[in-house]
Amino acid sequence: MKLSILDLIYILSAFSFVFGIKLLGKPSTARRGNTIAAVGMTAAIVGTIFLNESVMVKNYPWIFGALILGSIIGTLMAKRVQMTQMPQMVSFFNGMGGACAALISIVEYDHFLHHTASSDSARIVILLLGLIIGSVSFSGSMIAFGKLEEKIKDLHLPAQQVINMVVLLAIVGLEVGMAGGYLSNPAFIYLILGLSLIYGLLFVFPIGGADMPVVISLLNSFTGVATAFGGFLYDNKVMLFGGILVGSAGTLLTVMMCKAMNRSLTNVLLGNFGSGSKAASAGKTITGSIKEVSASDAAILMKYSKKVIVVPGYGLAVAQAQHVCHELEICLEAEGVELKYAIHPVAGRMPGHMNILLAESNVSYDKLVEMESINPEFKTTDVVLVVGANDVVNPAAKTDPTSPIYGMPILDVEDAANVIVMKRSMRSGYAGIENELFYSPKTRMLFGDAKKMMTELVNELKASA
Amino acid sequence: MQAIFQFISDHQLMIYLIVLMIFVGVELIGKVPSVLHTPLMSGANAIHGVIIIGSIIVMGQAENLFASILGFIAVFLGTLNVVGGFVVTDRMLEMFKKKK
């Protein structure tokens, strides 16, 4: 067996992917990890174009045209996107990868028809699987993208599960038929393509907007699997390697995200959050009254505290209040107040979403404390400022077994001496349940848009300084 | 059935590789703090862009207009996945620099 230079490059690229992902797992090395994987990828691409001995690569102008065009547009999109829109950007790029996998299968099938006399059913199975998974990933990612952009609403068809099942069975049936040689008309591949695209739509449509991160992660691993099938098709080990790596890592990541929300993957995919237990918890009404607080009183309360913990949530991201949040931190620290941020694993739209947003506005990384480490600290905290978070601070998760979020780990903000909740209205959070924290004698509500109210707090602090 | 067995015996090494990679993937992600889940997902997203190699092979072999057009689109979309994926990840991670 002859080892060509290309094989050597592929081995190094594959190594760079594993090593890159490994480094991505630690904040201090993450950026280097990304760069290493990118270098490995570039080497693999350049090598494939120039050093291919088994396949004669021609059509250089076409290849370079597409590469240059893609690089320019890809870089522009990635550079221009707002930090709050990162999740949908990832979803979009993932969809592109899926579409790429699907297109490869279509061309390869065409090639196959013209050049191979005997039918090789195992190859067709792999080719079609690449097509199906790639297409589902593409259309699903586009819907996820649309939902996060809030251009597409949740849609529940009647008998959704039955329709999904029928479409899926039809796809499997066609695949078996084509691989077994029962369906010889090449047009059937377009039927599979169409049905797979429809399945992707049906798959993502009923899933709630707040569950999109889980879906994106899942679709991400789908594209990984489609890539692996591509690797099988071309007997290309670096494709197989990268694809399986992403497929398995992505699946685990999906499961971990679900776990952080205390939900099963099936539950997320069926899109029926809490529908079973809603009736049970509706009977329980929360007694107590709500106390409002003005921005100036809240500012004074914080100014004379020793320790303040900020709990950011999706409301902070929507209002783009991360910069003014950092300003508040500076003002309070100037007054000698110790300030930390408590980050719940599923705060925001994606795990780590809050960290990225706050880091963007120059909040120091070590001020962001994860749930397990910060929970014991609430007892010694004077004021907790909850900014646009709801379900992640709902004590019902610990006390009320009938609550749909029962069992989800939450931030123990009720242990603090005072809680100020900044919220646009009394509307319940994603889970659609009441939060008794708001009625607690310790709690005061500060109604308004997070950015506006934060700015008022900062102004009050500056005025009184 | 015969064909499937034939296929498995032809690709034994690949199948070993798949099994091993599944475990490597799981091990690599298992100990990551949730803070890094989003960049990690984004980085993994860029890595599966290695599908672009398949599209380059398709494009490089294209003999008719049909294959050329689809191949061109495939290379373009694959590039978007790779370049966009790595750049977005880098932008996210840029934020994690230690301040001060």
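This is a predicted model: local features need pLDDT of at least 70, side-chain atom pairs count only at pLDDT 80 or more; totals for chains, interfaces and linings use all residues.
User: Is chain B compact or spread out, judged by its radius of gyration?
Analyst: The C-alpha atoms of chain B fill a box of roughly 60 × 35 × 15 Å along the principal axes, and 59% of its 100 residues count as buried. For 100 residues the globule rule gives 13 Å, whereas the radius of gyration of chain B is 19 Å, well over that value, so chain B is, compared with a compact globule, more spread out.

User: What share of the contacts in chain A with a separation of 6 or more comes from residues 24 or more positions apart?
Analyst: Chain A holds 18 helices and six strands, and its C-alpha atoms fill a box of roughly 80 × 50 × 35 Å, taken along the principal axes. Of its 465 residues, 52% count as buried. Among contacts in chain A with a separation of 6 or more, the share from residues 24 or more positions apart is 79%.

User: Which element gives the most to the side of chain B that touches chain A?
Analyst: In this model, 79 residues of chain B are in contact with 93 residues of chain A. The elements of chain B that give two or more residues to that side are α1 (2-10), α2, α3 (37-47), α4 (52-61) and α5 (65-94). By class, the side of chain B that touches chain A has 50 nonpolar, 22 polar and seven charged residues. The element that gives the most, with 28 residues, is α5(B).

User: Is α9(A) parallel or oblique to α2(B)?
Analyst: Two packed helices are described by the angle between their axes and the distance between the axes. Here helix α9 (residues 237-260) of chain A and helix α2 (residues 12-30) of chain B pack with their axes 8 Å apart, at an angle of about 40 degrees. Angles under 35 degrees count as roughly parallel and those of 65 to 115 as roughly perpendicular, so the relation of α9(A) to α2(B) is oblique.

User: How many nonpolar residues has the contact of α9(A) with α2(B)?
Analyst: The crossing of these two helices, α9(A) and α2(B), is right-handed. Beside three polar residues and one charged residue, the contact of α9(A) with α2(B) has a nonpolar count of 16.

User: Which residue just after α15(A) takes a positive phi?
Analyst: Helix α15 (residues 353-360) of chain A is mostly covered, since seven of its eight residues are buried. Among them are A:H353, A:M354 and A:N355. Just after α15(A), the residue that takes a positive phi, of about 70 degrees, is A:N362.

Note on methods:
Residues are numbered from 1 along each chain as its sequence is written. Chains are lettered from A and ligands numbered from 1 in the order in which they are written. Axes are lines fitted to C-alpha atoms, for helices over the stretch in contact, and angles run from 0 to 180 degrees between N-to-C directions. Helices (H or I, at least four residues) and strands (E, at least two) are DSSP runs, numbered from the N terminus. Angles under 35 degrees count as roughly parallel, over 145 as roughly antiparallel, 65 to 115 as roughly perpendicular and the rest as oblique. A crossing is left-handed if the near helix is turned anticlockwise from the far one by less than a right angle, and right-handed if clockwise. Ala, Val, Leu, Ile, Met, Phe, Trp, Tyr, Cys and Pro count as nonpolar, Asp, Glu, Lys and Arg as charged, and the others, Gly among them, as polar. The radius of gyration is taken over C-alpha atoms; the globule rule is 2.2 Å times the number of residues to the power 0.38. A residue is buried if 20 or more other C-beta atoms lie within 10 Å of its own, exposed if 12 or fewer, and partly exposed in between; C-beta atoms are placed from the backbone. Two residues are in contact if their C-beta atoms, placed from the backbone, lie within 7 Å.
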